[in-house]
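Here's a quick briefing to read alongside the model. Have the structure open and follow along topic by topic.

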Amino acid sequence: MLVFFFSSRRRHTRCREVSWARRCVQETGVHGIQLMEAKGKDIILLFDIDGTLTPSRGKVTPKMKKFLEDLIARGVGIAFVGGSDLVKLKEQLGEDLLMSSDYSFSENGVIAHKKGKLIGSSSIKDFMGEDRLKKFINFCLHYIAYLDIPIKRGTFIEYRTGMLNVSPIGRNCSQKEREDFFKYDNEHKVREKFIAVLNAEFPDYGLHLSIGGQISFDVFPEGWDKTYCLKYLTDYKEIHFFGDKTEKGGNDYEIFTDKRVIGHKVKDPD
């Protein structure tokens, strides 16, 4: 039996059905079934992707995809926001689902699409400048070079348009290695300690660092967290956000606690 732990700042709900999102949204007491039948620009459901709709860097299941497609077909406002770039979001959700949703926000919304059309883009390179960017990257690579962890693979820093993604183990690790590192990191706080060192080394760079997924953390300008996407959703009376990394330091924390949003904590996709 699948167990999904759902909580919001209004109410806590435990759901024991495969159709978790439908029942959980109905049970929040927000608007009951009316929420699911919301039309036009009154209410939008904003979903994190990794750990919420899919396993970390995994693909959406057919059941989950059908559920989301059914909501869209019924006229419910749907948007997706993730820290990964657009290519990875398409791999996880499918291009057809992203195209049919009202909004899709990659890299926390720094890259924004409405009904599949680009409506906004910003660059971390333009924000930092080449010299500062190079200095930051060099420091990270030097730190990783002397970091003593069980294994290392490749692609320790991934440059994205609006952020850097830093992985102590390297993004080329296998799924098993990813899961093993996640357990190791939970005990040894590798990413948390790395972030503390970077914050101390670059206090005046105006950067925010947050842990996301299982093997990495994101680096982006202050204010470029997932709340960045909210500027595109000002026409909605209610924004319901669903995410898993809602604790302080997690990459859903800022948007989950934002006053413009009704936040709902998700344990996992099931």
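Predicted model: local features only at pLDDT ≥ 70, side-chain atom pairs only at ≥ 80, totals over all residues.

**The antiparallel sheet and its helices**

- β8, β9, β11 and β10, in that order, make up an open sheet of 4 strands with antiparallel pairing.
- At the edges sit β8 (157–159) and β10 (207–212), each of which pairs on one side only.
- On average, neighbouring strands of this sheet are turned by 20 degrees against each other, direction ignored.
- β8 and β9 (residues 164–166) run antiparallel and are joined by 3 bridges; within this pairing, glutamate 158 stands opposite asparagine 165 of β9.

- How many of the residues of β12 are buried? The count is 6 of 6, so this strand is mostly covered, with buried meaning under 20% relative accessible area.
- In a regular strand, side chains alternate between the two faces of the sheet.
- For β12, both faces are covered: Glu238, His240 and Phe242 are buried on one side, and Ile239, Phe241 and Gly243 are buried on the other.
- One partner is strand β3 (residues 43–48), which pairs with β12 in the parallel sense over 5 bridges; here isoleucine 43 stands opposite glutamate 238 of β12.
- Another partner is strand β13 (residues 262–266), which runs parallel to β12 and is joined to it by 4 bridges; phenylalanine 241 stands opposite glycine 263 in β13.

**Aromatic rings**

- Searching the whole structure turns up 11 aromatic pairs.
- One of them is tyrosine 103 with phenylalanine 105, a stacked pair at 5.7 Å centre to centre with 15 degrees between the planes.
- Both partners of that pair are buried: tyrosine 103 has a relative accessible area of 5%, and phenylalanine 105 has 0%.
- Why does the pair of phenylalanine 127 and tryptophan 224 count as tilted? Their ring centres are 5.9 Å apart and their planes stand at 55 degrees, and the stacked class needs planes under 30 degrees apart while edge-to-face needs over 60, so the pair falls among the rest.
- This pair links distant parts of the chain, with phenylalanine 127 in helix α6 (residues 124–128) and tryptophan 224 in the loop between β11 and β12 (238–243), 97 residues apart.
- Phenylalanine 127 is partly exposed at 40% relative accessible area, whereas tryptophan 224 counts as buried at 13%.
- Phe136, Phe139, Phe202 and Tyr205 come together in one aromatic cluster.

**The cavity**

- There is 1 cavity of 30 Å³ or more in the structure, and the largest cavity holds about 240 Å³ of space.
- Its lining has 25 residues, and those nearest the centre are Asp50, Ser84, Gly212, Gly213 and Asn251.
- Which elements each supply at least two residues of the lining? They are α4 (86–93) and β11, with β11 giving the largest share, 3 residues.

How values were computed. Residues numbered from 1 in each chain as written. Heavy atoms only, no water. Pairing = 2+ DSSP bridges. Axes fitted to C-alpha atoms, helices over the stretch in contact; angles between N-to-C directions. Phe/Tyr/Trp six-rings, centres within 6.5 Å; stacked < 30°, edge-to-face > 60°. Buried < 20%, exposed > 50% of the residue type's maximum accessible area, 1.4 Å probe, protein only. 1 Å grid on protein atoms, 1.4 Å probe; cavity = no way out; pocket = protein on both sides within 12 Å on 5 of 7 lines; lining within 4 Å. Points joined across faces, edges and corners; volume = space filled by probe spheres on them.
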